[in-house]
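Trainee: I'd like a close look at one part of this model, please. Take me through it slowly.

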Amino acid sequence: MQSDHFAKGMVAIVAVGMLTGCAATSRNTSGGVAVNGFVQNIEDLTVKNDEFRRVIYTAKNCQLVVMALKPKEEIGAEVHKKVDQFFRVEEGSGEAVLDSVRTAIRAGFAIVVPAGMNHNIINTGSVPLKLYTIYSPPNHRDGVVHPTRADAEADNEHFDGKTTE
């Protein structure tokens, strides 16, 4: 039953075929330009990801990123002045820290961070914390992959205005 899939987190998103290499078909047009996309299971993409950060899809007004935090690892306290951010935890457990308020999180939890709010996500468990995040507007360069947090910190990249399509 379709609703059972969604209730279990079997969420599919429309995104450009980046991880699977699947051919896409024209689904929509924007100003006469074909927009390609495909449907993917975000839970599977998130759970299979072992990299600290991988940008999956970048649109003009939002961006989808999967992340994996090692045990005791954190994203790092940050503030996005003009970017709202949504997180969903698919595996593991940790803490969401929003303006110094700590809340325990685990698989199935969602976190919404309004622009201007100091925030951090910390893996407090003994297994990787697997999550995805949506930035609105985009925050990172399309297609960027940071295998580790150290790689992310060493790369002073930011969204350059280029989208996936």
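What is the volume of the largest pocket?

Mentor: Happy to! The largest pocket has a volume of about 280 Å³, meaning the space filled by probe spheres set on its grid points. A pocket here is an open set of points on a 1 Å grid where a 1.4 Å probe fits, with protein on both sides within 12 Å along at least five of seven lines; lining residues have an atom within 4 Å of a point. Keep in mind that this is a predicted model: local features need pLDDT of at least 70 and side-chain atom pairs 80 or more, while totals for chains, interfaces and linings use all residues. Residues are numbered from 1 along each chain, and side-chain values use heavy atoms, without hydrogens or water.

In the largest pocket, 16 residues form the lining, and R53, E78, H140, A152 and E153 lie nearest the centre. By class, 6 of the lining residues are charged (Asp, Glu, Lys, Arg), 4 are nonpolar (Ala, Val, Leu, Ile, Met, Phe, Trp, Tyr, Cys, Pro) and 6 are polar (the others, Gly among them). Helix α3, residues 149-154, gives the most to this lining, with 3 residues; helices are DSSP runs of H or I with at least four residues, and strands are runs of E with at least two.

For another detail, turn to S126, which sits in the loop between β10 (119-123) and β11. S126 is exposed at 68% relative accessible area, where exposed means over 50% with a 1.4 Å probe, protein chains only. Its C-alpha atom is separated by 8.1 Å from that of G92, 34 residues apart along the chain.

How values were computed: Buried < 20%, exposed > 50% of the residue type's maximum accessible area, 1.4 Å probe, protein only.
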